[in-house]
Every structure is written in structure tokens, then in C-alpha cells.
Amino acid sequence: MPQRLALLAAMIVAFLLPRVPMFRFVNFAPVNAVLSSIGVIVAVAGMAFLVWARQTLGSNWSQIVSAKQGHELVTSGPYRYVSHPMYTGGLVACIGSAIVVGGGFIFLLILLGVIFLWRVGAEDRLLARQFPDEFPDYARRTKALIPFVW
């Protein structure tokens, strides 16, 4: 339950912060149709990657970081490229949204980034305990969030 509340709180705070006078500078919308179009494409691509990752996980998915009965280490689909593609997709979608409308999505990107980084560590520790033979090799050959980088 605390993880769900943290995510909900982050989303609420992200959309309230642009209303605070000192943060109003983030309330913008691009005046350039090309930039707006790029932002929409980036947001849609991020969401598509997230959905692909969620579908690939199937019954292995859980909203909270926890072990499940019959849990499998999924290494196919987007998990071939990054070990946490749902977070990658969510962050990319948030970047695209921030390009288009700014405001709350800028703060949401920052807050989600912090939450997702914490969850990457928590999930990696869980997977290392649950799959001591398979996970270390998978973690060595697959980056966490950014293919070929990190």
C-alpha cells in the first residue's frame, strides 16, 4: 500500500507544483507545431513500449515490488533491451508529454524518475534473491533503463 500512496502523492504534487508562483515558469506550451508533434510521437512511443512490456510480463506483473507464486524471469520482448522497460516507457511518455504541455509533466518526470530509480533497485534485489542462478547473467548483459547505456 505505501508504494501506491507514494505514486499517487507524486502525481498530485507534480500537478500542484506549477500552481506555486515560483514554479510557474514551467507552464508552457510549445508554439512550434513541429516540436509539439515530436512530443506527441515521443509520448505515444513511450506508452507503446510500456504496454508491450506489460503484456510481455503477463501474470508475472505486480503493482508492488513482491515475489509471486510461479514467478518467472522474463527476458523476451522489450526485456531483451532493458530490464525495466515499463519504467523506461513511462519516463519516455512523460518526456513527450512535458515537451507538449510542460507544467505538471515536468515535475511528474522528476518525481517518477526518483520513484522508478528506487523501484529498479528494489526489483533487482528481489530478482537476485528469487533467481540467483539466472538473474546475475541477465543483469550483466541487459541495461536497466536505457539500452546500451544504463
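Some ground rules come first. Residues are numbered from 1 along each chain as its sequence is written, and the model is a prediction, with local features needing pLDDT of at least 70, side-chain atom pairs counting only at pLDDT 80 or more, and totals for chains, interfaces and linings using all residues. Side-chain values use heavy atoms, with hydrogens and water left out.

(Helices are DSSP runs of H or I with at least four residues, strands are runs of E with at least two, and the numbering starts at the N terminus.) Of the 150 residues, 36% count as buried; here buried means under 20% relative accessible area, exposed means over 50%, and partly exposed falls in between, with a 1.4 Å probe and protein chains only. The accessible surface comes to about 8900 Å², and 69% of that belongs to carbon and sulfur atoms. These areas come from the Shrake-Rupley method with a 1.4 Å probe, and for residues only the protein chains shown count as cover. As for contacts (heavy atoms within 4.5 Å), take those between residues at least 6 apart in sequence: 77% of them join residues at least 24 apart.

Helix α2 gets a closer look. Its 25 residues reach 36 Å from first C-alpha to last, close to the 36 Å expected at 1.5 Å a residue, where the expected span is 1.5 Å times one less than the number of residues. The buried residues of α2 are S36, G39, A43, G46, A53 and L57, and what covers them includes α3 (85-101). Just after α2, G58 takes a positive phi of about 55 degrees.

Next come the aromatic rings. A search of the whole structure turns up 3 aromatic pairs. One of them is F49 with W52, an edge-to-face pair at 5.9 Å centre to centre and 70 degrees between the planes. (Rings of Phe, Tyr and Trp, the last by its six-membered ring, pair if their centres lie within 6.5 Å; planes under 30 degrees apart are stacked, over 60 edge-to-face, and the rest tilted.) Both residues lie in α2 (residues 33-57), 3 residues apart, about one turn of the helix. W52 counts as partly exposed because its relative accessible area is 35%.
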